[in-house]
Amino acid sequence: MPQAMSSKKPKNMLYTAKRLLSYMGRHKFSLLSVAVLVALSVICNLMGTYMVRPVINGLTEGSGMPGLIRGVSITAVIYVVGVAAALLYTQIMARSAQSVVYDIRKDLFCHMQSLSLRFFDSHQHGDVMSYYTNDVDTINDALNNSFAAVVKNGIQIAGTMSMLLVLNWRLSIIVFISYLLMFAYVRHSARSSKKYYTKQQQSLGELDGYIQEMTAGEKVIKVFNHESENLKEFRRLNRELQEQGTSAQAYASTMIPAVVSISFLTYAIVAIAGGFMVIKGLSDLGALASYLVFVRQSAAPINQFTQQSNFLLSSLAGAERIFELIDRKSEVDEGNVTLVKAKDGVWDWKREDGELIPLKGDVRFNNVTFSYEKGHPVLKDLSLYAKPGQKIAFVGSTGAGKTTITNLINRFYDIEKGEIHYDGINVKDIRKKDLRHSLAMVLQDTHLFTGTIRDNIRYGRLDAADEDVEKAAKIANADSFIRRLPNGYETMVVSDGANLSSGQRQLIAIARAAVADPPVLILDEATSNIDTRTEDLIEKGMDRLMEGRTVFVIAHRLSTVRNANAIMVLEGGCIVERGTHDELMRMGGRYYKLYNGMFELS
């Protein structure tokens, strides 16, 4: 079972925050505008609150109704400016947040394209998708809900404390002590929550991967009545996610009640102490009234910060996973030999020194050893050759190493020992993109993309003309069934070809390989989903497709490889027999017994 990417302990929160800020720095002008407008909005709120003092003092000093109207009018103008600034920065922030998320998603997808096939073979598809959904969405939520709030609360805390000092520095000592208690508790809770938020994101990825896997295999589940066992595993993963989420929320949810309780206590103490100061003439009534409003407001930014802490902690946990993936090493490609096309349409290999070598399709394995996991070799000191135009077939039990050979030709994986030569060039010296351009594969598990049938065939060569696409379909004997469809070649393929039969999907895949027109063709159980009658129909077309090409065929139907130039029987990662069909039948060995049904291929 592929394992989800995980980390035993959370990384440095500061490092993750700096990495996230570097993405935000790409849009610094927009975010700077947000910060300026947030500051203006906060200053207006602070000034509006301070206006309580002159308004009350004016009334006590006998300014009357004109003074009251003037004071209220000035206060109203201040608040209108603050509201306008708030409306503007929320709009700018929404656009900026989407731009940052766009950059993260783009970098994530671009880097994922550079990863080796080993990564995708060892990770559940649902967990990979979780990076783009759960993890990116948490960052998006945090940017939309938290960035402006953090800036606003920071300025408001600093501004409020400044105003408190201006109004009454003695009472401010009590408020400062209160603030220290609040910050200490918030910091403790945030550290505890962060650990569980990271585990929550990992558990969520595992659960998503399991759901995706079970959804894809629903038919098999029902055939074997495996619903109850799947439900048990789902409950286990779901319970694990519940426990991690509960622990994270348990710490985070205590912040607001604690801060509110401390702020209420502070307000009561300040109100009593301030009242005595007014009685003794150490403060005026307007200053005390304004001061008490500021004290009530002083807890608000901390409360809001604690409310945003859930978004912040969750987004940092998601960002950790994303940056961990982005930091993964890309697939190594040290090749410098490229593929070039001459004016006459012939392809050549071009070395770094400019030497041209004709592309023929001569493939040779020399003492190749390979393991997916160290200590468990799949191929052992294997040697073989395929001359240009030859059809080489591999047969043997499941796990014998047949598909592995074709994966090594493509350099989906790199060998441990030995060498693989392509037209006399070590494949390690060939740039991977060019190497794979010279090959075409038809796999047992056909994958079709959302789009028309014509586009799916053209996927083999994007610059292929419509005539080339239809010619390739005829070679694969797919043209007749395609034309019988309601929209012919323009018929839309949906849900990985769910509106087509498995045999039709396989024929389209063969046509896709035909339009690529490669010198080397790999057929990995290419006719496994085609009935015997259809297989007979496409045999001539396949022969035309394979003419003049080096072809590697993996097949369980031994009748399909009878005309191969060489048949290689693999067992345990070694070639135990090789020869033509007639030669192997005369030997009366492993192939003979397989062909006559004495041994099973699985």
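User: Before we look at anything, what is a nonpolar core?

Analyst: A nonpolar core is a set of buried Ala, Val, Leu, Ile, Met, Phe, Trp, Tyr and Cys residues joined through side-chain atoms within 4.5 Å. Please keep in mind that the structure above is a predicted model.

User: Ok, and in the largest nonpolar core, which residues touch the most other members?

Analyst: The largest nonpolar core holds 55 residues, and Val 175, Tyr 291 and Ile 322 are the ones that touch the most other members. Two or more residues each come from H1, helix H2 (28–50), helix H4 (64–113), helix H6 (125–167), helix H7 (169–216), helix H10 (255–279) and H11. The element that gives the most to this core is H6, with 13 residues.

User: Which residues does a second, separate core include?

Analyst: The second, separate core has 42 residues, among them Ala 393, Ala 464, Val 551 and Leu 594. As a general background, nonpolar side chains tend to be buried together in soluble globular proteins.

User: Back to Ile 322, what is it in contact with?

Analyst: If we leave aside its neighbours within four places in sequence, Ile 322 is in contact with Ile 104, Leu 108, Tyr 131, Asp 135, Val 136 and Ile 139.

User: Asp 135, then: buried or exposed?

Analyst: Asp 135 counts as buried, because its relative accessibility is 0% and the cut-off for buried is under 20%. Asp 135 is found in helix H6, and, not counting residues up to four places away in sequence, Asp 135 touches Ser 130, Gln 201, Gly 318, Arg 321 and Ile 322.

User: Where does Arg 321 lie?

Analyst: Arg 321 lies over the face of Tyr 131, at 4.5 Å from the ring centre.

User: Speaking of rings, how many aromatic pairs are there in the whole structure?

Analyst: A search of the whole structure finds 9 aromatic pairs. One of them is formed by Tyr 23 and Phe 323, which are stacked, with 6.0 Å centre to centre and 10 degrees between the planes. Tyr 23 lies in helix H1 (residues 13–24) and Phe 323 in helix H11 (residues 285–326), so this pair ties together parts that are 300 residues apart in sequence. Both Tyr 23 and Phe 323 are buried.

User: What kind of aromatic pair do Trp 349 and Tyr 422 form?

Analyst: Trp 349 and Tyr 422 form an edge-to-face pair, at 5.3 Å centre to centre and with 70 degrees between the planes. This pair links distant parts of the chain, since Trp 349 is in strand S2 (residues 347–350) and Tyr 422 is in strand S7 (residues 417–422), 73 residues apart. Trp 349 and Tyr 422 are both buried. There is also an aromatic cluster, which is made up of Phe 370, Tyr 372 and Tyr 413.

User: New topic: how many residues of strand S13 are buried?

Analyst: In strand S13 (residues 550–554), 5 of the 5 residues are buried, so the strand is largely enclosed by the rest of the structure. Thr 550, Phe 552 and Ile 554 are on one side, Val 551 and Val 553 are on the other, and with all of these buried, both faces of S13 are covered. That arrangement can be read alongside a general rule, which is that in a regular strand the side chains alternate between the two faces of the sheet.

User: And which strands pair with S13 in the parallel sense?

Analyst: Strand S6 (residues 391–396) runs parallel to S13 and is joined to it by 4 bridges, with Ile 392 standing opposite Phe 552. Strand S12 (residues 520–524) also pairs with S13 in the parallel sense, over 5 bridges, and here Asp 524 stands opposite Ile 554.

User: Last one, which residues of helix H15 are buried?

Analyst: In helix H15 (residues 466–475), the buried residues are Val 469, Ala 472, Ala 473 and Ile 475. They cover an arc of only 155 degrees around the axis, which means that they are on the same side of H15. The face turned away from that buried side carries the exposed residues Glu 467 and Lys 471. After H15 comes Asn 477, whose phi is positive, near 60 degrees.

Conventions: Residues numbered from 1 in each chain as written. Predicted model: local features only at pLDDT ≥ 70, side-chain atom pairs only at ≥ 80, totals over all residues. Heavy atoms only, no water. Buried < 20%, exposed > 50% of the residue type's maximum accessible area, 1.4 Å probe, protein only. Arc of directions from axis to C-beta. Phe/Tyr/Trp six-rings, centres within 6.5 Å; stacked < 30°, edge-to-face > 60°. Lys NZ or Arg CZ within 6 Å of the ring centre and 35° of its normal. Contact = heavy atoms within 4.5 Å. Pairing = 2+ DSSP bridges.
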